[in-house]
Amino acid sequence: MSVITRFNFSTTPSSVIWFLIFLNICCCCCCSHGNPDDSKQEGLMDLESVRKSLIRQEDSIVFCLIERAKFPFNSSLYKPSLQIPGFDGSLIQYILKETEILEAKVGRYESPEEHPFFPDGLPFPLIPSPPAKSPEFLHAAASSINMNRDIWKFYSDELLPLFAKEGDDGSYACTGVADINCLQALSRRIHYGKFVAEVKFRDAPEKYGPAIHVEEMVKKRVQKKARIFGQEVNINKKAGDCKKQKNCKIDPSVVSRLYGEWVMPLTKLVEVEYLLRRLDE
């Protein structure tokens, strides 16, 4: 992917675009899923398994942001002026929509952790899912909650300008893939609030509430991860972290702000929506 940096999408063959989308799916599936927890395989979850998953997802989000920070803003990606028959939107929306169509065919959205940004009209999986070994952990109401419209808005309108440098280098394909990785990682983390809410519902809320919502600790942890993951490794120097913003691949304060202003508030909203709908049924 690193050698493919510039594309004119008006002249690029569709086969090349689909190849890029396929590569993105392979990377996402390899990096994001891995082996599920034993507790999830058995249909059981508790506070500890939820906490471990949330911490792992912090790593994924920080790495995705670091990858996106390699490219300038590339504003042409987000302008709703793409001339494609039957599609009205921006180039990044087109890439994401086509990516999700292909992902749906291979069953990505059969997982309760995954939520498409363009859910309408997605094809059914071509590969049948294996039979469940245990009852679903989440209530049926979970499938009706999708916060991706809010995630899209804060990511493109507010978060990107905080860390993407001004400029346009024409590397729209690679930038688009990096954007999609960020969006999907954020979506997975925020919608994980459904699992948090279900754990609370099944167990004593007074026991789990304070343990899960340690917000200041989470903000400090992701900020520290951004400093450590974002440093330039030099074998001749003692390992540390990028104390100065100019030495970091992404500003750690932006990652802390991301969690404080968007990730944790939207996760709470997911929890409330889930519990309200669960109680209604």
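View 1. R277 is partly exposed, with a relative accessible area of 28%. (Partly exposed lies between buried, under 20% relative accessible area, and exposed, over 50%, using a 1.4 Å probe and protein chains only.) E273 is also partly exposed, at 24% relative accessibility. The two side chains meet in a salt bridge, at 3.1 Å from N to O. (A salt bridge here is a side-chain nitrogen of Lys or Arg within 4 Å of a carboxyl oxygen of Asp or Glu.) R277 and E273 stand four residues apart in helix 10, so about one helical turn separates them. Side chains of opposite charge can pair when their charged atoms come close. This model is predicted: local features need pLDDT of at least 70, side-chain atom pairs count only at pLDDT 80 or more, and totals for chains, interfaces and linings use all residues. Residues are numbered from 1 along each chain as its sequence is written, and side-chain values use heavy atoms, leaving out hydrogens and water.

**View 2. E261 and R257 in helix 10.** Helix 10 covers residues 252-280 and holds both E261 and R257. They lie four residues apart, about one turn of the helix. Their closest N and O atoms are 2.8 Å apart, forming a salt bridge. E261 is partly exposed, with a relative accessible area of 40%. R257 is partly exposed too, at 37%.

**View 3. R221 and E58, linking helix 9 to helix 3.** The side chains of R221 and E58 meet in a salt bridge, 2.6 Å from N to O. This pair links distant parts of the chain. E58 is buried, at 2% relative accessibility. R221 is partly exposed, at 23%.

**View 4. The whole protein.** The protein has 10 helices and zero strands. (Both are DSSP runs, numbered from the N terminus: helices are H or I with at least four residues, strands are E with at least two.) Of its 281 residues, 45% are buried. Among contacts with a separation of 6 or more, 77% join residues 24 or more positions apart. (A contact means heavy atoms within 4.5 Å.) The protein exposes about 15400 Å², and carbon and sulfur atoms supply 56% of that area. (Accessible areas come from the Shrake-Rupley method with a 1.4 Å probe; for residues, only the protein chains shown count as cover.) The structure holds 15 salt bridges.
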